[in-house]
Amino acid sequence: MLMSTIHDVNPQTAAQTPPVPLTLEGYSVLHQMMRVRRAEWRKLQLSEQLAIVNEAETALDGWEKRTEGPSALFSMLGHKADLLFVHFRNSFAELNQAELALAGLRLSDYLEVTTSYVSIIELGLYESTAKVYKALQDRELEPHSPEWEAGIRENMERQREAMRPRLFPAIPPNRYVCFYPMDRRRGEDKNWYKVPFEERARQMGEHGMIGRRYAGEVKQIISGSIGLDDWEWGVTLWADDPVSFKKLIYEMRFDEVSAVYALFGTFYVGLRCPAAQLGKLLAGEVPQI
């Protein structure tokens, strides 16, 4: 059990335990929300539209089929954007190359970016961190000493290999997507970053149990963005029924870590648009998968 592991830590050494949970990082991620400049698009001759669409579909098809770091397109609901491009890549340099490649398509002349989000897939390891810290403390190692850091690296390398499928996933094929950024409160009254490590671990453990109950309905990928974008995390959800998003997020609002410490940004919801259906989408047809 998580709490027994944490509570076994000697109070004197627990006071010296670093407050930051260990994390594993995977794909670099870019979400691009765009509006179609339809008035200008409609001015084009049909032959020009077809040529532009063919070029874009060919490029997007190649990005979708990448075995390492794919991209996907979604048709968005509501006024916030018409299109959402999601890019997974092995590095920020590759992510920038994907952005430049999209900008280099003739289609980009008829797109307007409404917003974007930069992050990196992250697995937070509260439970594992507690176990690792206790093991290192049992060896009477000083936190942040060379021996302590070596022990951390050794453990993280093992976990990184074990967690590789979650760190470097394919983009789920489900019909619907939901993306939103979020923070943890840092106010004078409630400040997540002042809560003791073991209490944060307890709350995150309870929070994770809710997500596990939706494992067959919703695929969730958490990406860290502290120091990379305006919010602290990006959450991307995929499902075949968009109502699953509402039910999952609503239920999570009632657990302590969300009810007390969570702040949410703008939500974006859309439908998957395979590369071959881009032309139909621009012609006003709902994409099918």
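Reply: Axes are lines fitted to C-alpha atoms, for helices over the stretch in contact, and angles run from 0 to 180 degrees between N-to-C directions. Helices (H or I, at least four residues) and strands (E, at least two) are DSSP runs, numbered from the N terminus. This is a predicted model, in which local features need pLDDT of at least 70, side-chain atom pairs count only at pLDDT 80 or more, and totals for chains, interfaces and linings use all residues. Residues are numbered from 1 along each chain as its sequence is written, and side-chain values use heavy atoms, leaving out hydrogens and water.

Me: What pLDDT does the protein chain average?

Reply: The pLDDT is the predictor's confidence in each residue, from 0 to 100. At least 70 is reached by 94% of the residues. The average over the protein chain is 92.

Me: How many strands does the protein chain have?

Reply: The C-alpha atoms fill a box of roughly 75 × 40 × 35 Å along the principal axes. The secondary structure includes 12 helices. The strands number nine.

Me: At what angle do helix H6 and helix H9 pack?

Reply: Helix H6 covers residues 126-138 and helix H9 covers residues 197-213, and their axes are 9 Å apart. The contact is made by Tyr126, Thr129 and Ala130 of H6 with Phe197, Arg200, Ala201 and Met204 of H9. The packing angle is about 145 degrees.

Me: Is the crossing of H6 and H7 left-handed or right-handed?

Reply: H6 and H7 pack at about 140 degrees, with their axes 10 Å apart. Their contact is made by Ser128, Val132, Tyr133, Leu136 and Gln137 of H6 and Trp148, Gly151, Ile152, Asn155 and Gln159 of H7. A crossing is left-handed if the near helix is turned anticlockwise from the far one by less than a right angle, and right-handed if clockwise. The crossing of H6 and H7 is right-handed.

Me: How far apart are the end C-alpha atoms of helix H5?

Reply: The expected span of a helix is 1.5 Å times one less than its number of residues. Helix H5 (residues 92-104) has 13 residues, so it should span 18 Å. The model agrees, as the end C-alpha atoms are apart by 18 Å.

Me: Why do the buried residues of helix H10 line one face, and how wide is their arc?

Reply: In helix H10 (residues 243-253), Ser244, Phe245, Leu248, Ile249 and Met252 are buried. They line one face because, seen down the axis, they fall within a limited arc. That arc is 115 degrees.

Me: What relative accessible area does glutamate 140 have?

Reply: Glutamate 140 lies in the loop between H6 and helix H7 (146-162). Its phi is positive, about 60 degrees, although it is not a glycine. Glutamate 140 counts as exposed because its relative accessible area is 73%.

Me: Is asparagine 174 buried or exposed?

Reply: Asparagine 174 sits in the loop between helix H8 (164-167) and strand E5 (176-184). Not counting residues up to four places away in sequence, asparagine 174 touches Trp238, Ala239, Asp240, Arg272 and Ile289. With a relative accessible area of 16%, asparagine 174 is therefore buried.

Me: What distance separates the C-alpha atoms of lysine 43 and methionine 209?

Reply: Lysine 43 is in the loop between helix H3 (38-42) and helix H4 (46-64), and is exposed at 67% relative accessible area. Lysine 43 and methionine 209 are 166 residues apart along the chain. Their C-alpha atoms are separated by 52 Å.

Key
Buried means under 20% relative accessible area, exposed over 50%, partly exposed in between (1.4 Å probe, protein chains only). Contact means heavy atoms within 4.5 Å. The arc is that of the directions from the helix axis to the C-beta atoms.
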